[in-house]
Every structure is written in C-alpha cells, then in structure tokens.
Amino acid sequence: MNEDLKLIPVQEYAELVGKSARAIRKGIASGKIPAVHQEVPGIPKGKWMVITNGTNGTNGTNGTNGTNGTNG
C-alpha cells in the first residue's frame with residue numbers, strides 16, 4: 001500500500017485542488033492535510049511536502065441547473 005503514496009510540494013498540490021498555497025499550509029498546520037517536513041539544503045527552513053496517494057485529486061462536481069417551467 002505504501003508504494004501508492006507520493007510526496008508533492010505544497011504549490012503543486014494547491015494547483016491540483018484549486019486552492020492557494022497559503023490555504024494548503026494552513027490546512028497542514030491545523031492537521032487537516034497530511035504532510036511531512038523535509039530539510040532542503042538551499043532552503044533554510046526546509047519545505048513541506050503533502051502526502052497523497054498515487055491518483056490525482058479530483059475536482060468537485062458542478063451543481064445541476066434547475067429546470068425551467070413549461071409555458072402554458
């Protein structure tokens with residue numbers, strides 16, 4: 001099962017789900033989005049990587065339009 005898990009950068013995940021990177025970081029801080037912190041040599045504070053499964057995130061479905069009444 002672990003082979004399906006993948007780490008992606010916060011910005012890439014934000015683009016996949018259609019939210020801002022800030023909103024994703026806030027979700028990570030509150031524990032709603034699973035992520036791990038990685039040390040990166042060129043970045044003093046490191047960076048967060050979001051844990052996803054191997055499938056891409058899905059977009060929410062659009063609501064259906066109401067039907068128009070018939071003319072009498």
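**Strand pairing, helix packing and core of the predicted model**

Strands S2 (residues 35-40) and S3 (residues 43-52) run antiparallel and are joined by five bridges. Two strands count as paired if DSSP finds at least two bridges between them. Helices (H or I, at least four residues) and strands (E, at least two) are DSSP runs, numbered from the N terminus. The model is predicted, so local features need pLDDT of at least 70 and side-chain atom pairs count only at pLDDT 80 or more, while totals for chains, interfaces and linings use all residues. Residues are numbered from 1 along each chain as its sequence is written, and side-chain values use heavy atoms, with hydrogens and water left out.

S2 and S3 form a hairpin. Two residues lie between these strands. Within the pairing, His37 stands opposite Trp48 of S3. Val40 has Ile43 in S3 as its bridge partner.

S3 also pairs with S1. This pairing is antiparallel and spans four bridges. Here Leu7 faces Ile51 of S3.

The protein chain as a whole has two helices and three strands. Read from the N terminus, its elements follow the order β-α-α-β-β. Contact means heavy atoms within 4.5 Å. Of the contacts in the protein chain with a separation of 6 or more, 41% are between residues 24 or more positions apart.

How do the two helices meet? Two packed helices are described by the angle between their axes and the distance between the axes. Axes are lines fitted to C-alpha atoms, for helices over the stretch in contact, and angles run from 0 to 180 degrees between N-to-C directions. The axes of H1 (residues 10-17) and H2 (residues 21-29) come within 8 Å and cross at roughly 110°. H1 is therefore roughly perpendicular to H2. Angles under 35 degrees count as roughly parallel, over 145 as roughly antiparallel, 65 to 115 as roughly perpendicular and the rest as oblique.

H1 contributes Val10, Gln11, Tyr13, Ala14 and Val17 to the contact, and H2 contributes Ala21, Ile24, Arg25 and Ile28. By class, the contact of H1 with H2 holds seven nonpolar residues, one polar and one charged. Ala, Val, Leu, Ile, Met, Phe, Trp, Tyr, Cys and Pro count as nonpolar, Asp, Glu, Lys and Arg as charged, and the others, Gly among them, as polar.

Burial was examined next. A residue is buried under 20% relative accessible area, exposed over 50% and partly exposed in between (1.4 Å probe, protein chains only). Buried residues make up 18% of the 72 residues in the protein chain.

In soluble globular proteins, nonpolar side chains tend to be buried together. A nonpolar core is a set of buried Ala, Val, Leu, Ile, Met, Phe, Trp, Tyr and Cys residues joined through side-chain atoms within 4.5 Å. The largest such core has nine residues: Ile8, Val10, Tyr13, Ala14, Ala21, Ile24, Ile28, Ile33 and Val50. H1 and H2 are the elements that give two or more residues to this core.

Ala21 lies in H2. Its relative accessibility is 13%, so Ala21 counts as buried. Leaving aside neighbours within four places in sequence, Ala21 is in contact with Val10, Gln11 and Ala14. Ala21 and Gln11 are ten residues apart in sequence, and their C-alpha atoms are 5.3 Å apart in space.

Thr52 is placed in S3. With 14% relative accessibility, Thr52 also counts as buried. Not counting residues up to four places away in sequence, Thr52 touches Asp4, Leu5, Lys6, Ile8 and Tyr13.
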